[in-house]
Amino acid sequence: MKNIDPTKTFSWKYLKKHFQEIKKITINDLFIQDPNRFNNFSINFENKILFDYSKNIINQKTLSYLINLAKETKCFSSIYSMFYGKKINVTEKKSVLHTALRYNHNILFLKNKEIYNMIDNILKKIKNISNDIILGRWKGYTNKKIKNIINIGIGGSQLGPLMVTETLKEYKNKLNLFFLANIDPIQIINLINQINPEESVFIIASKTFNTQETITNALSIKKWFINHINGDLNKNIFSKHFIAVTNNIDAAIDFGINKKNILPLLSEIGGRFSLWSSIGLIISLSIGFNNFEKLLQGASEMDYHFFSTPLDKNIPIIMALISIWYSNFWNTETEAIIPYCDNMRFLPSYLQQLNMESNGKSIDRNGNKILYQTSPIIWGDVGTNGQHSFFQMLHQGTKIIPCDFIAAAIPYNNKYKDHHLKLISNYIAQTKALAFGNIKNIHKNNIYKFCFGNKPSNSIFLKKITPYNLGLLISFYEHKVFVQGIILNIFSFDQWGVELGKKITNFLVEDINSNIQEKINQYDCSSKGIINFYKNFN
């Protein structure tokens with residue numbers, strides 16, 4: 001990857017000057033100037049996803065400058081480096097291989113048979129475990145069929161699988177899914193009140209197998225399970241109920257997991273990019289391995305589009321450039337993700353981690369403090385719920401908040417077709433209202449009813465929510481985030497900011513447990529005051 005400060009490029013300077021011109025132009029003006037604007041600023045991806053970016057404050061000149069910015073920062077060179085397995089995760093000295101997990105056998109970017117053989121073996125293991133449990137061949141220690149799957153993991157080990165299994169709920173089989181992520185004791189209490197251990201399989205998902213929240217929950221579940229079987233530590237009993245997904249095989253074996261129940265996780269796969277890996281076991285258990293494969297195939301097709309399509313027709317690249325345009329030239333701070341599909345309610349949280357953990361950085365690839373904007377704050381909720389809460393601010397507030405509106409043309413089923421028609425009408429109406437407002441139709445005496453419009457949005461319209469199309473959607477958001485990182489000259493695949501809080505937490509647990517006031521006194525007065533308040537009641 002080339003370490004280029006984007007603000008030093010010619011394109012950045014042209015964009016700053018261009019902004020002074022276009023900031024006086026409205027979205028309404030742009031549509032008047034170009035009656036064919038929808039066709040010029042939208043991409044129909046094989047009739048599976050329509051990406052409409054016409055309701056943005058950009059014109060052909062804007063797009064030309066932005067594309068030149070991608071060229072000047074050597075965007076495609078970095079893209080090739082990722083697909084060919086170069087060590088672009090420089091601070092951890094690793095390749096970035098999540099695209100290899102969903103590769104098409106006809107498109108071998110990464111020339112490493114050993115890795116592909118390992119991936120094939122993992123997929124076979126996912127398939128075999130999934131089929132055995134779904135078909136009832138995998139039984140618990142009392143010979144009961146498995147009914148409950150509990151995923152014990154946090155961050156990327158939870159957010160991706162949770163989002164996918166909920167989005168594809170209509171493809172779900174009879175298995176009950178549970179996610180245990182938080183160490184708040186109420187979550188584990190609620191869980192064990194709902195399940196019978198004799199009918200449950202626990203997947204401990206942790207790349208390092210020492211994530212504090214995950215191992216704390218796993219140890220408590222293990223203790224609860226052993227109590228249920230009256231302290232019998234027979235390994236054969238344990239192997240019928242515990243699976244591990246990890247890169248730390250030895251730690252999983254020490255925990256008591258049977259080696260045949262351990263699914264390896266490549267160290268080159270970051271947590272937020274891991275749902276395609278053995279972390280996706282719970283996805284396969286939920287929707288079946290054939291549908292899990294379709295999810296991978298959809299992502300692979302978007303990989304090929306991203307790798308091979310020219311900049312001006314490349315969906316992830318255009319999305320990334322528009323985001324940079326707003327955050328760095330319009331000084332926007334947030335982006336809203338608004339899916340008009342209730343099953344997609346976890347998509348904003350998933351994309352929040354994907355964006356903010358990847359690009360929430362303030363040091364560039366040259367080791368210099370950054371003086372421009374990197375990751376926007378990502379937030380959102382499902383429509384139409386959001387229309388009755390935060391949409392007031394979107395329409396009449398003082399902040400410009402670019403939005404991604406996501407919906408599907410074909411519903412999951414044909415029941416309540418009038419509901420779906422009204423849902424999609426709301427979806428379209430909101431982007432129209434944000435773009436054009438109502439100022440022409442409201443009398444000047446009713447100024448409080450004015451919606452001035454000129455609020456930008458993208459419309460992402462899927463033909464239908466299927467495993468394949470969801471794979472397409474997730475993959476192009478992944479690539480959007482990567483392109484932002486390339487252009488903004490940051491390392492998108494590490495997350496060192498997460499580590500500091502973990503270290504302090506470990507010290508705090510030890511010091512609070514010690515009951516030695518001298519250890520507490522070493523903290524700042526605020527932290528010390530909070531610790532003492534806690535100790536008053538515990």
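## Helix H9

In this predicted model, the 17 residues of helix H9 should span 24 Å at 1.5 Å a residue, and the 24 Å between its end C-alpha atoms agrees with that. Buried positions in H9 are Thr 214, Ile 215, Asn 217, Ala 218, Ile 221, Phe 225 and Ile 226. Viewed down the axis of H9, these buried residues fall within an arc of 170 degrees, so they line one face of the helix.

Lys 223 and Asn 227, on the other side of H9, are exposed. Asn 230 follows H9 and has a positive phi, near 60 degrees.

## The largest pocket

The largest pocket holds about 1,000 Å³ of space. Its lining is made up of 41 residues, and Thr 208, Thr 211, Gln 495, Glu 499 and Lys 502 lie nearest the centre. Helix H9 (212-228), helix H15 (347-359) and helix H19 (496-514) are the elements that give two or more residues to this lining.

H19 supplies the largest share of the lining, eight residues. Sorted by class, the lining of the largest pocket contains 21 polar, ten nonpolar and ten charged residues.

## Aromatic pairs

There are 35 aromatic pairs in the structure. One of them joins Phe 31 and Phe 436 edge-to-face, with 5.2 Å from centre to centre and 75 degrees between the planes. Phe 31 belongs to helix H2 (residues 27-33) and Phe 436 to helix H17 (residues 417-436), so this pair ties together parts that are 405 residues apart in sequence. Phe 31 is partly exposed, with a relative accessible area of 23%. Phe 436, at 23% relative accessibility, also counts as partly exposed.

The ring centres of Phe 41 and Tyr 53 are 5.7 Å apart and their planes stand at 75 degrees, so this pair is edge-to-face. Phe 41 sits in the loop between helix H3 (37-40) and strand S1 (42-45), and Tyr 53 in the loop between strand S2 (49-52) and helix H4 (60-72), so the pair ties together parts that are twelve residues apart in sequence. Both Phe 41 and Tyr 53 are buried.

## Aromatic cluster

One aromatic cluster is formed by Tyr 141, Phe 202, Phe 209, Trp 224, Phe 225, Phe 238, Phe 242 and Phe 255. Of these, Phe 225 is among the buried residues of H9.

## Glu 114

Glu 114 is part of helix H6 (residues 113-134). Its relative accessibility is 65%, so Glu 114 counts as exposed. Between the C-alpha atoms of Glu 114 and Leu 265 there are 14 Å, while the two residues are 151 residues apart along the chain.

Conventions: Residues are numbered from 1 along each chain as its sequence is written. This is a predicted model: local features need pLDDT of at least 70, side-chain atom pairs count only at pLDDT 80 or more; totals for chains, interfaces and linings use all residues. Side-chain values use heavy atoms; hydrogens and water are left out. On a 1 Å grid over the protein atoms alone, a cavity is a set of points where a 1.4 Å probe fits but cannot get out, and a pocket is an open set with protein on both sides within 12 Å along at least five of seven lines; lining residues have an atom within 4 Å of a point. Grid points are joined across faces, edges and corners, and a volume is the space filled by probe spheres set on the points. Helices (H or I, at least four residues) and strands (E, at least two) are DSSP runs, numbered from the N terminus. Ala, Val, Leu, Ile, Met, Phe, Trp, Tyr, Cys and Pro count as nonpolar, Asp, Glu, Lys and Arg as charged, and the others, Gly among them, as polar. The expected span of a helix is 1.5 Å times one less than its number of residues. Buried means under 20% relative accessible area, exposed over 50%, partly exposed in between (1.4 Å probe, protein chains only). The arc is that of the directions from the helix axis to the C-beta atoms. Rings of Phe, Tyr and Trp (its six-membered ring) pair if their centres lie within 6.5 Å; planes under 30 degrees apart count as stacked, over 60 as edge-to-face and the rest as tilted.
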